[in-house]
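Me: Could you walk me through some of the packing in this one? I'd like to start with helices and then turn to rings.

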Amino acid sequence: MAVKKSNGAYQELRKALKEGEFGRLYVFHGEERYLLEDSLKTLRKKLVPEGMEEFNLHLLEGKGLDLNRLAEAVDSVPMMSEHTLTIVTDFDLFGCKEADKERLLQVFSDLPDYGCLVFVYDTLPYKIGRGKYQEQVKKLGSIVEFVSPSRSDLLDWVRRRFAALDKKIDDSESEYLIFLCGSLMTGLLAEIGKIASYAKGDNITRADIDAVAEPVLEAQVFDITDAVGARQFDRAFTVLSELYGLNQEPIMILAILGKHLRQLYTARLVLESGQGTGALMDMWNMKTDWQAKKLMKNARNCSLEWCRKAIVLAGETDFAMKSSGRNSEELLCEMMLKLANG
């Protein structure tokens, strides 16, 4: 089974899960934990009959993994079932010793038809390997990266999650929710449950979302960018003060603010070129047009020269935070004052 890139590999996996034609070797990684866990759950359901987990499901920890134990697990004959499933969590597949790589290739090359072996990267960061070993793993198995779905798929998923809780939500409020709470489905699932429980009516409103949803830092910092773009600097300083009160690190705030200022500059360029919101979303791979529309609106209040200087100023402030030894909160406040003074 050849490796596919990103969502291509995921779509191939979905097709296999639906049709019951499974590969013998998978590597699961990626930030979208909801899709990863859902795929693992489906694999277990399809391959391991309920009540037979003790015989046909083998769960191994990657830390200190005994490769002989792994070989024994994948070779175990299924009991009252056609398949076995072996899941190895947090093993550094591409960073292990050369001798271990040779042993692993032996195991992978001799996987029985009835067995399915899955390496899962949970807390361990996934690092792609290179060279002959990497190519062999690609040939023998499928490396699946779980990433956030497309905008349309994510909106449809949000709508279906609310429908399962007997609530309705339109695309506009869904876009706002995704912006406010981030596009990762695991985080959204928890927020959807809270909002649905809070909402009194059948239709989810902006007020329902604002009442109980917990915004991600990205959305909180965007409030600063939105205020700066609208020339509402008192509001920008209020939001910044609130973030300091929540013990958010200035260097992290600046990193996100710098990205948003670059997005504002891009929005100004899009306006200069006569393009629309869609062009900005494509350039930054945005999941919602709520943020893009805000940026386009604010870009009309900012000259191209001001946007350029704002980006330079953010870079200079970042350098000062990392090298001058000065108080980071003061440096960020100084940057805000310079932005306010044009």
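Reply: What follows covers helix packing and aromatic pairs in this predicted model.

Me: At what angle do H13 and H16 pack, and how far apart are their axes?

Reply: Helix H13 (residues 250-272) and helix H16 (residues 304-323) pack at about 160 degrees, and their axes are 9 Å apart. With angles over 145 degrees counting as roughly antiparallel, H13 and H16 are therefore roughly antiparallel to each other.

Me: Which residues make that contact?

Reply: From H13 they include Leu254, Leu261 and Tyr265, and from H16 they include Trp306, Ile311 and Met321. By class, the contact of H13 with H16 has 14 nonpolar, two polar and six charged residues.

Me: And what about H4 and H5, at what angle do they cross?

Reply: The axes of helix H4 (residues 67-75) and helix H5 (residues 98-109) cross at roughly 5 degrees and come within 10 Å, which makes H4 roughly parallel to H5.

Me: Switching to rings, how many aromatic pairs are there?

Reply: The count comes to 12 aromatic pairs. One of them joins tyrosine 10 and phenylalanine 146 edge-to-face, at 5.6 Å centre to centre with 65 degrees between the planes. Tyrosine 10 is in helix H1, whereas phenylalanine 146 is in the loop between strand S5 and helix H7, 136 residues apart.

Me: Are those two buried or exposed?

Reply: Both tyrosine 10 and phenylalanine 146 are buried.

Me: Which cluster do they belong to?

Reply: Ring pairs link Tyr10 and Phe146 with Tyr26 and Phe28 into a cluster.

Notes
Residues numbered from 1 in each chain as written. Predicted model: local features only at pLDDT ≥ 70, side-chain atom pairs only at ≥ 80, totals over all residues. Heavy atoms only, no water. Axes fitted to C-alpha atoms, helices over the stretch in contact; angles between N-to-C directions. Helix = DSSP H or I, 4+ residues; strand = E, 2+ residues; numbered from the N terminus. Parallel < 35°, antiparallel > 145°, perpendicular 65-115°, else oblique. Contact = heavy atoms within 4.5 Å. Nonpolar A, V, L, I, M, F, W, Y, C, P; charged D, E, K, R; others polar. Phe/Tyr/Trp six-rings, centres within 6.5 Å; stacked < 30°, edge-to-face > 60°. Buried < 20%, exposed > 50% of the residue type's maximum accessible area, 1.4 Å probe, protein only.
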